[in-house]
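User: Hi! I'm new to protein structures and would like to learn how to read charged pairs and surface features. Could you walk me through this one?

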Amino acid sequence: MDIIQGDSTSNGLLINFKKCQLLSKQDLHPEILCCSTPDFEILGAPIGSHDFCTAFIERKRKEANQLLSLLPKLCDPQSAIALLKVCASFCRLAHLVRTIPPTTASLEAFAKFDDDVLHCLECSVEIELTPQACNQAKLGLKYGGLELRSLAINGQAELLHCFLVYVMLTQIAE
């Protein structure tokens with residue numbers, strides 16, 4: 001712990017160990033959590049194999065679908081769309097987009113969730129959307145859309161943004 005504290009301080013990082021968790025594959029110290037499996041979850045994000053991460057996304061998608069299935073039952077399309085925008089779509093899985101590497105399988109899982117959101121929209125307004133209308137729904141308000149952000153599309157930009165901020169901060173620290 002002292003080595004980590006010393007190295008981090010000399011590199012300009014101040015670590016608050018009360019807000020951090022250290023993981024190791026071996027039982028090294030009482031303050032370091034032993035993680036004996038290669039697949040685990042920390043802070044709501046999966047860490048591990050490709051299959052584990054994909055299964056994790058699918059499980060979260062199914063949990064989110066429970067909420068999506070309730071919105072059309074509101075019998076008020078305006079309320080359903082408002083709830084869909086602010087608490088039942090992109091935000092439900094946004095943290096996963098920022099923590100899971102963009103593989104074909106993860107992007108497919110995120111695209112399935114995007115389809116689930118659009119299906120919820122269709123059921124809420126009781127019309128079938130054309131592909132053009134679906135694309136427009138994903139646009140921001142100032143472009144005539146509903147701001148139903150796409151995990152598969154916007155998610156890659158989110159991950160790239162997080163990476164670029166990390167690179168910029170490490171260069172500033174040097």
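Analyst: Happy to! Let's begin with exposure: a residue is called buried under 20% relative accessible area, exposed over 50%, and partly exposed in between. Keep in mind that this is a predicted model.

User: Thanks! How many salt bridges does a search of the whole structure find?

Analyst: The general idea is to look for a side-chain nitrogen of Lys or Arg within 4 Å of a carboxyl oxygen of Asp or Glu. Searching the whole structure this way turns up six salt bridges. One of them joins the side chains of Arg59 and Glu41, with 4.0 Å from N to O.

User: Which parts does the pair of Arg59 and Glu41 tie together?

Analyst: Arg59 sits in helix 2 (residues 50-70), while Glu41 belongs to strand 3 (residues 40-42), so their contact ties together parts 18 residues apart in sequence. Arg59 is partly exposed, because its relative accessibility is 40%.

User: And how far apart in helix 2 are Glu63 and Arg59?

Analyst: They are four residues apart in helix 2, so about one helical turn separates Glu63 from Arg59. Their side chains also meet in a salt bridge, at 3.9 Å from N to O. With a relative accessible area of 36%, Glu63 is partly exposed. Stepping back, a network of salt bridges links Glu41, Arg59, Lys60 and Glu63.

User: What about Asp116 and Arg61: are they buried or exposed?

Analyst: Both Asp116 and Arg61 are buried. Their side chains form a salt bridge too, with an N to O distance of 2.7 Å. This pair links distant parts of the chain, since Asp116 is in helix 5 (residues 104-125) and Arg61 is in helix 2, 55 residues away.

User: Where does Leu164 lie?

Analyst: Leu164 is part of helix 7 (residues 151-173). Its relative accessible area is 48%, so Leu164 is partly exposed.

Definitions and conventions
Residues are numbered from 1 along each chain as its sequence is written. This is a predicted model: local features need pLDDT of at least 70, side-chain atom pairs count only at pLDDT 80 or more; totals for chains, interfaces and linings use all residues. Side-chain values use heavy atoms; hydrogens and water are left out. Helices (H or I, at least four residues) and strands (E, at least two) are DSSP runs, numbered from the N terminus. Buried means under 20% relative accessible area, exposed over 50%, partly exposed in between (1.4 Å probe, protein chains only).
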